[in-house]
Amino acid sequence: MTLSILIPHYNDPDGLALTVASIERQTWKGEREIVVVDDGSRAEHQAALDRLVATSRERIKLVKNPQNRGRPYTRNVLLDAAEGKYLTWCDSGDEYYPRKLEVQLDALFRERMIDPARSVWVTCNSHWQWQGSGKKKVIVQDVEDDPISNLFVGSLRAYLYTLVGTTQSFRDVGYFDLELPRLQDLDFFLRFAEKGGTFVLPGTDEPLCLYHKTDVGRRGQDVLNSFQHIYKKHRVVLMGRSRRFRRNRNFHLYKTAARFTRNNRDLVTTALYVARSAVANPLAFGKWLLKDGGKL
Amino acid sequence: VKLTVVAGWRELMLPIGIPLATLEGLLRTVEPTAVLPQAAWARGESTSPYHTFLDDVAVDSERRIELFLEYVEAATAPGAHPFVVLPYERLIPEGGPLDARLPRFVARAEARFGHGSVRLRRLEMSRGSSELLRRLAAEVGVATRPASPEVGSQLDVEALAGRGEAFDAMRSNFTHAILELGERRVAATSLFGMAPGRVGLIAEQLAATNMRLDADVPLERIVAELDKGGELWALLTRPVARPPAPIIVQVPVEPATPLKKPRAS
């Protein structure tokens, strides 16, 4: 098997059908498998999932968690189930553009040609589209300079669906952290970078995939706790950054948590998080008010 | 057979490269499942459509070939038959050494895919074109490579002869090669004789205006034209119709350098 495409699924067969259709349109025609791990979906959604697997032109391997175990656990099951030499991810409901795999695998071979010993993940620019909005935003990945700082700052987004690498390079990072209901991919990216892993872009700036974004149903408290867990876990590398850098990150984590609570209409908690962001870094808070008018 | 390596004389394949998509179309006329994996990563800054990564750096070539073969394997859909086109060898080497890259590549491919699973074919424009170039080279005093063995390989070599869209570029290259040889022979006052090195430019202009030498023009006519200081205008043609599909001719080739058989694992 050449390439495994790993997709976690939970109660979203329509989204998964969209994702699989985008994979069917890929210009890269090498041997591939789609591995779907269903994380304890409701019975009617599992039935729809079974129908999709039976009718798809793609080779789909379906694994089912007997009960809902959460995203990091499901990602670990996916990682274990992959049989391909190369590996990529996609979340159910997101889409690849047709040239994605071709362009990124090409770039991966180029990097292996330059330095076979280096552990490389090929990322790519992507589109964000808030669910219910027709407007797409281009997300540009910054792979220059220090990847760890870029990941903390968010100029390099820790989105698994942007990646292609060897399966071994993903397994070398270890398992996803079960303590992280959110942002387990950020932790995974950081661990890869801390081991000396390198991120590269393919030879194109064009967005290669589309992320249908939503905060609905995602608790701000989970986001905040996950950020704090990550900051604690990676405190050694974080302490190597300046105080200003760390204060900015604290401001950012409360602001991000506030965005999630606002989008889930929890205005009291939103106000609390905004206040805590002001305490974490008053200067950054002031700039945010002046520049963005406090827009989350 | 898991891989077909197509060898082509540099004189006929370069300098006007045949787009790989066109070449793939040609190959599909003889092998319906043919695919030509396009290793963009391997080309670097080169504009050549072929796998010039084998040219770029002499060191570490074994690993580079191995990685390329892995790419070919990875990029080929199940049920498709991959081809690799390597136009390295010179028909008119002018005393240069035999090109070792093709047999080296074939040997690595055999080691990877298994003995007997790699087929080698030669891409020819027509049955007589290469022979004509050889004879003309001898006529103007340029050393030529023996007709056989062409490749240091124990595999049989097939000649893939034919005409069609892909051969337009080959015919332009053929014209270029003839002009290059003719430059040594023509009178100093002729178009080519006055300024050695203009051949490439003139060949490009001829290609742009769709003017090419007939691949099967008799040598005697070319020599006669060159002898009188002519510029081959009388021999130039414009293709008007596309003849039918290619034909395949089997040409047995003696091995020049036995290759190591893959070790049993």
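In the predicted model, A:Val216 is exposed, with a relative accessible area of 59%. The residue sits in the loop that joins strand 11 (209–213) to helix 8 (220–233) of chain A. Leaving aside residues up to four places away in sequence, A:Val216 touches A:Asn263 and A:Asn264. A:Arg262 is 46 residues from A:Val216 in sequence, and the C-alpha atoms of the two are 9.6 Å apart.

A:Thr2 belongs to the segment before strand 1 (3–9) of chain A. With a relative accessibility of 10%, A:Thr2 counts as buried, because burial is assigned under 20%. Apart from residues up to four places away in sequence, the contacts of A:Thr2 within chain A are with A:Trp28, A:Glu31, A:Gly84, A:Lys85 and A:Tyr86. A:Thr2 also touches B:Ala74, a residue of chain B.

The contact between the two chains draws on 14 residues of chain A and 15 residues of chain B. About 1200 Å² is buried between chain A and chain B, and 63% of this area is on carbon and sulfur atoms. On the side of chain A, the residues that lose the most area to chain B are A:Asp106, A:Phe109 and A:Met113, which together account for 54% of what that side buries.

Two salt bridges are found across the interface of chain A and chain B. In one salt bridge, the side chain of A:Arg112 meets that of B:Glu70, with an N to O distance of 2.9 Å. Six residue pairs are in polar contact between chain A and chain B, both residues of each pair being at pLDDT 80 or more. Helix 4 (residues 100–114) of chain A supplies six residues, the largest share of the side of chain A that touches chain B. By class, that side of chain A consists of six nonpolar, two polar and six charged residues.

Over all chains, the structure holds 28 salt bridges. A:Arg71 forms one with A:Asp91, the closest N and O atoms lying 3.5 Å apart. This pair links distant parts of the chain, 20 residues apart: A:Arg71 is in helix 3 (residues 71–81) of chain A, while A:Asp91 is in the loop between strand 4 (86–89) and strand 5 (95–96) of chain A. A:Arg71 is partly exposed, with a relative accessible area of 32%, whereas A:Asp91 counts as buried at 16% relative accessibility.

A further salt bridge in chain A joins A:Glu206 to A:Arg99, with the closest N and O atoms 2.8 Å apart. A:Glu206 is placed in the loop between strand 10 (198–200) and strand 11 of chain A, and A:Arg99 in the loop between strand 5 and helix 4 of chain A, so the pair ties together parts that are 107 residues apart in sequence. A:Glu206 is partly exposed at 32% relative accessibility, and A:Arg99 is partly exposed at 37%.

In chain B, a salt bridge is formed by B:Glu62 and B:Arg104, whose closest N and O atoms are 3.9 Å apart. The two residues link distant parts of the chain, with B:Glu62 in helix 5 (residues 61–75) of chain B and B:Arg104 in helix 6 (residues 101–113) of chain B, 42 residues apart. B:Glu62 is partly exposed, with a relative accessible area of 34%, as is B:Arg104 with 30%. Both residues belong to a network of salt bridges that also includes B:Glu66, B:Glu73, B:Arg108 and B:Arg112.

Strand 4 (residues 118–123) of chain B is mostly covered, with five of its six residues buried. Strand 4 of chain B pairs with strand 1 (residues 3–8) of chain B in the parallel sense, over six bridges. Within this pairing, B:Arg121 of strand 4 of chain B is the bridge partner of B:Val6.

Methods:
Residues numbered from 1 in each chain as written. Chains lettered and ligands numbered in written order. Predicted model: local features only at pLDDT ≥ 70, side-chain atom pairs only at ≥ 80, totals over all residues. Heavy atoms only, no water. Contact = heavy atoms within 4.5 Å. Buried area = accessible area lost by both parts, 1.4 Å probe. Salt bridge = Lys/Arg side-chain N within 4 Å of Asp/Glu carboxyl O. Polar contact = N/O pair within 3.5 Å; in protein donor to acceptor, adjacent residues only side chain to side chain. Helix = DSSP H or I, 4+ residues; strand = E, 2+ residues; numbered from the N terminus. Nonpolar A, V, L, I, M, F, W, Y, C, P; charged D, E, K, R; others polar. Buried < 20%, exposed > 50% of the residue type's maximum accessible area, 1.4 Å probe, protein only. Pairing = 2+ DSSP bridges.
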